Each structure stands twice: as structure tokens, then as C-alpha cells.
Amino acid sequence: MDIYGSLSAVRQRIQQAAVKSGRDPSAIKLLAVSKTMSAGTVQRAYEAGQRSFAENRVQEWQDKVTQLPEDCEWHLIGRLQTNKVKYLDERINLIHSLDRLSLLETLESQGAQRNIIWPTLVQVNIARDSQKAGLLAEEVEDFLREAAGCQHIQVYGLMTIGALGASPEDTQGFFRELRLLKERLQQKNLPHVNLKELSMGMSQDFEWAIQEGSTIIRVGRQIFGERIDLNHE
Ligand SMILES: *Cc1c(COP(=O)(O)O)cnc(C)c1O
């Protein structure tokens with residue numbers, strides 16, 4: 001299937017999952033995870049109407065952002081090294097992987113120097129998977145209190161990755177836990193923290209994520225096909 005066909009199939013599944021859980025489909029943003037894909041391939045998705053893309057390597061994003069039209073929206077997913085922050089700028093719409101204090105501090109100091117307020121999501125390792133990045137659920141509140149003291153960070157929500165090989169029931173349970181955590185922490189009314197977004201759901205599990213209230217889903221393989229570089233996680 002071409003990208004046009006696979007994109008419309010994914011959009012249709014989003015629509016159906018939303019309706020099934022009584023949600024407005026337009027409240028769910030589809031990110032096309034374009035990591036490892038060429039600028040030409042991303043351009044085809046653009047021509048099929050897709051505007052929001054996610055990359056996990058800063059250098060790859062830098063290459064693509066100059067080659068794609070300016071009305072693309074770029075999200076950063078995956079571990080962000082502190083020494084790469086200097087290459088980021090306002091063209092990043094959302095950083096999904098704020099997962100540790102050293103990154104918070106680097107973003108804050110670079111933001112202060114360059115007069116940028118970084119839009120972020122805090123990544124949570126809700127499945128407590130030792131292979132995965134992210135804060136443990138019980139660490140998130142203290143972390144948000146640190147973020148609340150940062151003038152150049154705005155936290156818009158939480159992000160998680162479902163556990164590899166988990167059953168549908170377990171995965172749905174993890175997504176529900178993240179939603180409940182978000183709802184509880186939003187009530188703290190911390191400065192610079194407005195937890196409205198839930199970034200959860202990928203190719204294999206986005207329908208369950210939508211049922212549990214996901215507002216951003218990150219879909220790669222179902223749109224672009226399998227990635228060649230298997231180490232690119
Ligand atoms: C690669 C990646 C995705 C997309 O995964 P697919 O299985 O291709 O849909 C989503 N989120 C993160 C954090 C990723 O690294």
C-alpha cells in the first residue's frame with residue numbers, strides 16, 4: 001500500500017476507535033513517526049495531507065526540517081542527549097522525552113540564554129520496564145515541582161511507551177494509569193505545568209490508547225512500513 005493509502009487507513013482506525021469510546025476524533029493528533037525515512041518519503045506523507053511528524057534524532061530532524069515545507073509540525077521523541085539541546089530551536093513543537101533532571105536543567109539554561117520557552121511532555125515509564133526511559137510514576141510529582149521553578153519550560157502533559165510484548169489488557173491498564181496520574185497531578189495547579197496532553201499509543205496499540213484518553217498518538221510503521229535500521233529506537 002502507498003503512503004496515501006496507509007495514512008487514510010490509520011485515520012479511519014483513529015476515527016473508529018474514537019467513536020467507539022465516545023470521543024471526538026479531532027481531539028486526537030496523529031504524529032507520523034518519520035525516523036529513518038528519507039525527506040522524499042516524508043514529503044509524500046505531506047502530500048497526502050499529513051502535517052505533524054516525529055523524529056528521534058536531532059541531526060535527522062535538522063536535515064528534514066530544511067527540506068520539508070514550513071507548515072510542518074515537528075515533535076521530538078526518544079532519548080534527548082543534553083549536548084544536542086543546542087541544536088534545537090522554536091521549530092520544535094513539542095519535546096516528548098523530558099525524563100531527567102539534567103535534561104531539565106540544560107533546557108532551562110539554554111532557554112534562558114536564547115529566550116526560548118520549551119514545550120515539553122514528561123516521559124513516564126509507567127510499565128516499569130527496565131529497558132525503557134522515563135520517570136517512575138512515583139517520581140513524577142517531585143519532577144514537576146522542579147519544572148514549576150523553570151521559567152523556560154512549559155510542561156503540557158505526559159508521555160509513555162507501552163511495554164514490549166505486553167498483553168492488550170496490560171497495555172490498556174498502563175495507559176489508564178498514565179491518564180489517572182495526569183488527572184491527579186493536574187489538580188496540583190503547578191506553575192508552568194498544564195497537563196492537557198497524553199502522548200500514548202504507537203502502531204501496535206494506538207486504539208487502546210485512544211480508548212484510555214490519548215490525545216497524541218505516534219505511529220511509524222503503520223504509515224511508512226517497516227524501518228530498515230533496527231537499532232534506531
Ligand atoms: C519509533 C517510535 C514510535 C513509532 O513506533 P511504530 O511502532 O513504528 O509505530 C513511537 N514512539 C516512540 C517513542 C518511538 O521511538
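Helices and strands are here runs assigned by DSSP, at least four residues long for a helix and at least two for a strand, and they are numbered from the N terminus. With that in mind, begin with the whole chain in view, and remember throughout that this is a predicted model.

**The whole protein.** Colour the chain by secondary structure, and you can look for 8 helices and 8 strands. The radius of gyration is 17 Å, close to the 17 Å that the globule rule gives for 233 residues, so the protein is as compact as a globular protein of that length. If you turn the model along its principal axes, the C-alpha trace spans about 50 × 40 × 30 Å.

**Surface and interior.** Of the 233 residues, 53% count as buried. Show the contacts as well: among those between residues at least 6 apart in sequence, 60% join residues at least 24 apart.

**Charges.** Now select the charged side chains, of which 28 are positive and 31 are negative, and note that the centres of the two sets lie 1 Å apart.

**Lys-35.** Finally, select strand S1 (29-33) and helix H2 (39-47), and follow the loop between them until you reach Lys-35. Is this Lys-35 buried or exposed? Its relative accessible area is 8%, and because buried means under 20%, Lys-35 counts as buried. An unreviewed UniProt entry places the feature "modified residue: N6-(pyridoxal phosphate)lysine" at Lys-35.

Note on methods. Residues numbered from 1 in each chain as written. Predicted model: local features only at pLDDT ≥ 70, side-chain atom pairs only at ≥ 80, totals over all residues. Heavy atoms only, no water. Rg over C-alpha atoms; globule rule 2.2 N^0.38 Å. Buried < 20%, exposed > 50% of the residue type's maximum accessible area, 1.4 Å probe, protein only. Contact = heavy atoms within 4.5 Å. Lys, Arg positive; Asp, Glu negative; His and termini not counted. Charge placed at Lys NZ, Arg CZ, Asp CG, Glu CD. UniProt positions renumbered as here; feature names shortened; annotations may be inferred.
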